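Dear colleague,

Please find below the structure that I am handing over to you. My notes on what was found in it follow directly after.

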Amino acid sequence: MASEITESLPIEDGDANCSTITADLIHFKKMKGSNTIVDFTTTNGSPSSSTNGKVIAAMPAYNEEKFIGKTVVGCKPYVNEVIVINDGSTDATAMIATACGATVIYHEQNMGYGASIRTCFETAKKMQATAMVILDADGPT
């Protein structure tokens, strides 16, 4: 993978993807004229060991490549796992979410918000989560 990395940039406030919170360095790979995250390094650990049971953050996402990285990284210190429901996105949403440490569940085509919410609950049940927080993939507005 190292041969694919063309530049390594330090995190700065205002970066569109994985911008602050836990990452020290993001590695970018040039693809079709745009930067795409392929790897990153984190400094914070998982949620407090005092948390009883598995806590997940789940977020439906459709074409959220501009925001998904920052949202995923922002959730990681507070939950055991971040789940992204990639609802048929045609952009780099799934790849960025994966690179930032989320587990991505795929809908082959856009099925809508309701179907994505159902998938969040089904996934939480399969994972035997004791708590789930549903977030907008584009973060707080």
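Ala-102 touches Val-72, Val-82, Val-84 and Ala-97, leaving aside residues up to four places away in sequence; a contact here means heavy atoms within 4.5 Å. Ala-102 belongs to the largest nonpolar core, which has 19 residues, and is one of those that touch the most other members, together with Met-59, Ile-68, Val-72, Val-82, Val-84 and Ala-97. Two or more residues of this core come from each of β4 (55-61), α1 (68-75), β5 (81-87) and α2 (93-99). A further core of seven residues lies apart from it, including Ile-56, Ile-85, Ala-124 and Met-127. A nonpolar core is a set of buried Ala, Val, Leu, Ile, Met, Phe, Trp, Tyr and Cys residues joined through side-chain atoms within 4.5 Å. Buried stands for under 20% relative accessible area, exposed for over 50%, and partly exposed for what is in between, with a 1.4 Å probe and protein chains only. In soluble globular proteins, nonpolar side chains tend to be buried together.

Please note that this is a predicted model, in which local features need pLDDT of at least 70 and side-chain atom pairs count only at pLDDT 80 or more, while totals for chains, interfaces and linings use all residues. Residues are numbered from 1 along each chain as its sequence is written, and side-chain values use heavy atoms, with hydrogens and water left out.

As to the overall fold, the protein chain has three helices and seven strands. Their order along the sequence is β-β-β-β-α-β-α-β-α-β. Helices (H or I, at least four residues) and strands (E, at least two) are DSSP runs, numbered from the N terminus. The protein chain has 141 residues, and 41% of them count as buried. Of its contacts with a separation of 6 or more, 56% are between residues 24 or more positions apart. The chain exposes about 7,900 Å², with carbon and sulfur atoms supplying 50% of that area; accessible areas come from the Shrake-Rupley method with a 1.4 Å probe, and for residues only the protein chains shown count as cover.

Helix α1 is mostly covered, with seven of its eight residues buried. These are Ile-68, Gly-69, Thr-71, Val-72, Val-73, Gly-74 and Cys-75. Thr-71 is also touched by Asp-138, which has Glu-64 and Phe-67 as its other contacts when residues up to four places away in sequence are not counted. Asp-138 lies in the segment after β7 (131-134). Asp-138 and Thr-71 are 67 residues apart in sequence, yet their C-alpha atoms are 6.6 Å apart in space. Asp-138 is partly exposed, because its relative accessible area is 30%.

The structure holds zero disulfides, a disulfide being a pair of cysteine sulfur atoms within 2.5 Å. Cys-75 is buried, at a relative accessible area of 10%, and Cys-120 is buried as well, at 1%.

There is one salt bridge in the structure, defined as a side-chain nitrogen of Lys or Arg within 4 Å of a carboxyl oxygen of Asp or Glu. Glu-81 forms it with Lys-54, and the closest N and O atoms are 3.4 Å apart. The pair links distant parts of the chain, since Glu-81 is in strand β5 and Lys-54 is in the loop between β3 (34-42) and β4, 27 residues apart. Glu-81 is partly exposed at 21% relative accessible area, and Lys-54 is partly exposed at 27%.

Tyr-113 is part of helix α3 (residues 113-126) and counts as exposed because its relative accessibility is 51%.

Lastly, two backbone angles deserve a mention. Most residues other than glycine have a negative phi, and most peptide bonds are trans. Asn-63, however, has a positive phi near 50°. Asn-63 sits in the loop between β4 and α1 and is partly exposed, with 30% relative accessibility. Gln-128 likewise has a positive phi, of about 55°. Gln-128 is found in the loop between α3 and β7 and is exposed, with 66% relative accessibility.

Yours sincerely
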